[in-house]
Structures are given as structure tokens and as C-alpha cells.
Amino acid sequence: MSIQRLSTFFIILTVLFSCSSDDGGTPVIPDSFLAIGAWNLTAVNVSVAQDVNEDGASSTNLIDELPCLSGLLTINSNNTWSATIVDIDVTPITGDLYIINCGSSLSFSGNWSNTGNTLSLNSSDFQDFSLSGDTLTENKGENLPGFLSFVYTKQ
């Protein structure tokens with residue numbers, strides 16, 4: 001076999017084995033893409049049930065007690081995020097009783113990153129979020145006057 005034929009043979013082999021096939025399969029979406037979108041604040045959990053709205057029914061979820069309490073967290077595909085959240089004012093009364101009111105609306109923004117199902121916002125105002133299906137949870141683990149967790153549900 002001549003050198004020219006041998007070279008042509010290797011070129012043809014290279015071309016054949018370097019081409020990939022497109023099998024049309026479903027693309028694998030990294031976990032970070034699952035967090036992209038708008039998330040509504042659906043729970044602000046506290047350690048001791050409170051009857052803030054004085055309807056006779058106590059709840060550990062302050063959203064059940066305060067209709068003014070709301071929040072929206074938006075995670076963008078360009079690794080930026082923004083949030084608008086109603087602040088919560090907590091004043092101890094006695095024992096496990098607290099006066100809890102809605103404060104002003106606060107806005108935050110920045111960049112985000114993720115590792116597996118953990119979403120990290122680059123803000124000292126937020127801790128890491130755990131992503132599970134259509135729920136993002138920020139676990140604070142604090143007793144009143146602090147908060148146990150903030151839970152967001154995907155719109």
C-alpha cells in the first residue's frame with residue numbers, strides 16, 4: 001500500500017470516527033436549571049404557634065396569620081436573582097407570646113450558584129436554600145423571635 005493510499009485511509013477513518021450521531025434523546029438538565037423561575041413565599045415557619053390575627057386558631061406558619069406577609073424570589077438563567085419580601089417585625093410580650101406585624105417591603109438582588117440541590121445567593125441576608133421538586137426552603141433553625149424556615153413554591 002502506498003503512502004498516499006495509507007494517508008487517505010487514515011483520513012477517512014478519522015472522519016468516520018470523529019462524527020457523532022444525534023440520537024434525539026432527552027437532554028440532561030442540571031439541577032441549577034430546575035431553580036430558574038419565579039418563587040412565591042408560601043410559609044414563614046416559627047417555633048411556637050401564634051394567633052397573630054386573633055381568630056382563635058394559632059399557626060406556626062405566619063402566612064396563615066398575616067395576610068400582608070408576602071415575598072417573591074426570582075432566579076434568572078444568567079445566574080442573577082432578585083427578591084421582594086415584606087419584612088416581619090417581632091416583639092416579645094411574655095413567655096411564648098409575641099406581637100408580630102408586617103413591616104416595609106424589602107428588595108434584594110445579586111448572583112447565585114448551586115451545588116446539587118443547594119442554591120446559594122450571594123447575600124448575607126439569606127442562607128442556602130434546599131431545592132426539592134417545586135419547593136425552595138431556607139432553613140434558619142431559630143426559635144422566636146427568630147424563624148425556623150422560609151418556604152417558597154415555584155409559580
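Predicted model: local features only at pLDDT ≥ 70, side-chain atom pairs only at ≥ 80, totals over all residues.
Biologist: What pattern does the chain follow when read along the sequence?
Modeller: The chain holds three helices and nine strands. Read along the sequence, these elements give the pattern α-α-β-β-α-β-β-β-β-β-β-β.

Biologist: What percentage of the contacts with a separation of 6 or more comes from residues 24 or more positions apart?
Modeller: A contact here requires heavy atoms within 4.5 Å. Among the contacts in the chain with a separation of 6 or more, the part that joins residues 24 or more positions apart is 47%.

Biologist: Which element gives the most residues to the largest nonpolar core?
Modeller: The core has 29 residues, and those with the most contacts inside it are Leu73, Ile75, Ile88, Leu121 and Tyr152. At least two residues each come from strand E1 (37–50), strand E3 (71–75), E4, E5, strand E6 (118–121), strand E7 (129–132) and E9. With six residues, the element that gives the most is E4.

Biologist: Which residues does Ile88 contact, leaving aside its neighbours within four places in sequence?
Modeller: Ile88 is one of the residues with the most contacts inside the largest nonpolar core. Leaving aside neighbours within four places in sequence, its contacts are Val44, Leu62, Leu69, Ile100, Asn101, Gly103, Phe147 and Phe150.

Biologist: Which element supplies the largest share of the lining of the largest pocket?
Modeller: The largest pocket holds about 250 Å³ of space. Two or more lining residues come from each of strand E4 (80–94), strand E5 (97–115) and strand E9 (149–154). The largest share, four residues, comes from E4.

Biologist: How many charged residues are in the lining of the largest pocket?
Modeller: The lining comprises 13 residues, with Ile85, Asp87, Asp125, Lys140 and Phe150 nearest the centre of the pocket. By class, nine are nonpolar and none is polar, and the number of charged residues is four.

Biologist: Is Phe126 buried or exposed?
Modeller: Phe126 is found in the loop between E6 and E7. This residue touches Trp81, Ala83, Ile85, Phe108, Leu121, Glu138 and Tyr152, not counting residues up to four places away in sequence. The limit for burial is under 20% relative accessible area. Because its relative accessible area is 10%, Phe126 is buried.

Biologist: What distance separates the C-alpha atoms of Phe126 and Phe150?
Modeller: Phe150 is among the residues nearest the centre of the largest pocket. Phe126 and Phe150 are 24 residues apart along the chain, and their C-alpha atoms are separated by 10.0 Å.

Biologist: Why does Thr137 count as buried?
Modeller: Thr137 is found in strand E8. Not counting residues up to four places away in sequence, Thr137 touches Asp128, Phe129, Ser130, Ser149, Phe150 and Val151. Burial requires a relative accessible area under 20%. Thr137 counts as buried because its relative accessibility is 16%.

Biologist: Where is Pro145 found?
Modeller: The peptide bond from Leu144 to Pro145 is cis, with omega near 15°. Pro145 itself is found in the loop between strand E8 (135–139) and E9.

Biologist: Is Glu54 buried or exposed?
Modeller: Glu54 has a positive phi of about 50° although this residue is not a glycine. Its place is in the loop between E1 and strand E2 (59–61). Exposure requires over 50% relative accessible area. Because its relative accessibility is 69%, Glu54 counts as exposed.

Biologist: What is the relative accessible area of Asn79?
Modeller: Asn79, which is not a glycine, has a positive phi of about 65°. This residue lies in the loop between E3 and E4. Asn79 is partly exposed, with a relative accessible area of 33%.

Biologist: What distance separates the C-alpha atoms of Gln155 and Gly37?
Modeller: Gln155 is in the segment after E9, and at 60% relative accessibility this residue counts as exposed. Leaving aside neighbours within four places in sequence, Gln155 is in contact with Ala38, Asn40 and Leu72. Gln155 and Gly37 are 118 residues apart along the chain, and their C-alpha atoms are separated by 7.6 Å.

Technical notes:
Residues numbered from 1 in each chain as written. Heavy atoms only, no water. 1 Å grid on protein atoms, 1.4 Å probe; cavity = no way out; pocket = protein on both sides within 12 Å on 5 of 7 lines; lining within 4 Å. Points joined across faces, edges and corners; volume = space filled by probe spheres on them. Nonpolar A, V, L, I, M, F, W, Y, C, P; charged D, E, K, R; others polar. Core = buried A, V, L, I, M, F, W, Y, C linked by side-chain atoms within 4.5 Å. Buried < 20%, exposed > 50% of the residue type's maximum accessible area, 1.4 Å probe, protein only.
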